[in-house]
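Please look over the model shown here with attention to its side-chain contacts. The notes that accompany it are arranged by topic.

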Amino acid sequence: MSRVKVLSDDMKLECLALVKAYDRRRKTYKLKREEIIRSSSDNIVTIADPDHPDDKRKGEGVYIPGSRFATRTTENISERLLALEEHPETQKMRAVEYAAKNIGSDLTAKDRKTLKDAIFKSCLNGRRYPFERLNVEGMERSCFYDRRRKFLIDIAKYMKML
């Protein structure tokens, strides 16, 4: 008796691509977030060093006082952070995080971490890491692949593909 396909093959491949690009997206997100948080106010202007005009690190930041327009630095930062959270790449990263959070909620913390790592390895490189090489104790092959399928379905639901 075969199982009913919830995810079509193209949706499954799309969800696997989201998992494969998760680390890259997370690193990019962290860098952009740090850049936004550490950004300076609008009253600071960088003046290039005359000896090294191309090297931005050797420039000097100059504060221009007496601006007649009040700046709202904190508000600007929060707006930029909100825009970053609504960015499609961030949404894709959050979909994988949401699905990973739901993996193995009925298991102990140690078993849950083992299962999560095994599912990620299987999604990243399934041919290299079949079930037999993942060393998931206390779980049958079919149960593991059912949980992996649910992980991909959770990603698809978060991304509103289903």
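What follows is a briefing on one arginine and its surroundings, and then on the aromatic rings.

The model is a predicted one. In it, Arg25 belongs to helix H2, which spans residues 22–37, and its side chain makes a polar contact with that of Glu89. The aromatic pairs come to a count of 6, and two of them are described below.

**Arg25 and its surroundings**
- Arg25 has a relative accessible area of 10%, and because buried means under 20%, this residue counts as buried.
- The polar contact between the side chains of Arg25 and Glu89 has a length of 2.7 Å.
- Leaving aside residues up to four places away in sequence, Arg25 touches Ala17, Leu18, Glu89, Lys92 and Met93.

**Aromatic pairs**
- Among the 6 aromatic pairs, Tyr98 and Tyr158 form a tilted one, with 5.3 Å from centre to centre and 35° between the planes.
- This pair links distant parts of the chain, 60 residues apart, since Tyr98 lies in helix H4 (residues 88–101) and Tyr158 in helix H7 (residues 141–158).
- Tyr98 is partly exposed at 35% relative accessible area, and Tyr158 is partly exposed at 31%.
- Phe131 and Tyr145 form a tilted pair, with 6.5 Å between the centres and 55° between the planes.
- Phe131 lies in helix H6 (residues 131–134) and Tyr145 in helix H7, so the pair ties together parts 14 residues apart in sequence.
- Phe131 is buried at 11% relative accessibility, whereas Tyr145, at 21%, is partly exposed.

**Other ring contacts**
- Tyr22, Phe120 and Phe151 together form one aromatic cluster.
- The charged end of Arg94 sits over the ring of Tyr29, at 5.0 Å from the ring centre.

How values were computed. Residues numbered from 1 in each chain as written. Predicted model: local features only at pLDDT ≥ 70, side-chain atom pairs only at ≥ 80, totals over all residues. Heavy atoms only, no water. Helix = DSSP H or I, 4+ residues; strand = E, 2+ residues; numbered from the N terminus. Buried < 20%, exposed > 50% of the residue type's maximum accessible area, 1.4 Å probe, protein only. Polar contact = N/O pair within 3.5 Å; in protein donor to acceptor, adjacent residues only side chain to side chain. Contact = heavy atoms within 4.5 Å. Phe/Tyr/Trp six-rings, centres within 6.5 Å; stacked < 30°, edge-to-face > 60°. Lys NZ or Arg CZ within 6 Å of the ring centre and 35° of its normal.
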